[in-house]
Amino acid sequence: MSSGSPSPAADGQHKVLVQQLRRKVLLLEQQQADLIHTHNEECVELQTHVIDLRAALEKNEAQRQHLGYEFDRQAVASREQIYSAADKEASLSQVNIALQGQVAELTHKIEEREEVMQHALKECIAQQEKLLSEVQTKESLLEACEAEKKALEQELELMDVQCKYQAVEVTQLKKNIETLQGKLESQSETVKRQAQNLETRVSQEEKLKKVVEVRDCIHFCSEDSCIG
């Protein structure tokens, strides 16, 4: 009989429970690593997208400056044509009208470019806010996973303490059982000796009874022979 180890069933259940908790902790750590990896990838993607938008904005700004330069150049050319000669006033007026049309067209293009830039900027801000919201949500999820991991670790430590305490109780119970078994064996030996003594007395009484019966029979036969 073992004296200090817990029963195989209790030990097996404890090992299975500990293995399940450890697997759950490892799963949470893997989920946390996956979330961090995804978060880093999304941050890199967001930074790349912001760089692309800035490049587009710089390109549109360059185009706007070029259109402004064209506008100024055309305006300077129109002024030079206006002041070049008085006899070309009529043609210069027509040219001026044409240039004004070009200026209006260029101004309209600039306004359209600015609207496109504003719309792209708004979309960029909206996407950035959306990505930031997703990042915050995932960070909250990471914090929840970390809290659950800590709770599981605390539960595992508590179960280890309980298992140790139960092992001590099982050891004490086994000692008590061994003590009771020793007492029971001692009492069994006493009962066996009493039973043997009782059997001996019964056997002696039966022998004595037979002797008495034989004696009575002999006595009865002797009386019958005398009567005859």
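His39 is buried, with a relative accessible area of 19%. Buried here means under 20% relative accessible area, exposed over 50%, and partly exposed in between, with a 1.4 Å probe and protein chains only. This is a predicted model, where local features need pLDDT of at least 70, side-chain atom pairs count only at pLDDT 80 or more, and totals for chains, interfaces and linings use all residues. Residues are numbered from 1 along each chain as its sequence is written, and side-chain values use heavy atoms, with hydrogens and water left out.

Back to His39. His39 sits in helix H1, residues 8-84. Helices are DSSP runs of H or I, at least four residues, and strands are runs of E, at least two, numbered from the N terminus. What does His39 touch, not counting residues up to four places away in sequence? Val135 and Glu139. A contact means heavy atoms within 4.5 Å.

Next, Gln128. Gln128 belongs to helix H2, residues 89-227. Gln128 counts as partly exposed, because its relative accessibility is 34%.

Now the whole chain. The protein chain has 2 helices and 0 strands. Of its 228 residues, 13% count as buried. Take the contacts with a separation of 6 or more: residues 24 or more positions apart account for 87% of them. And the surface? The protein chain exposes about 18,100 Å². Carbon and sulfur atoms supply 56% of that area. Accessible areas come from the Shrake-Rupley method with a 1.4 Å probe; for residues, only the protein chains shown count as cover.
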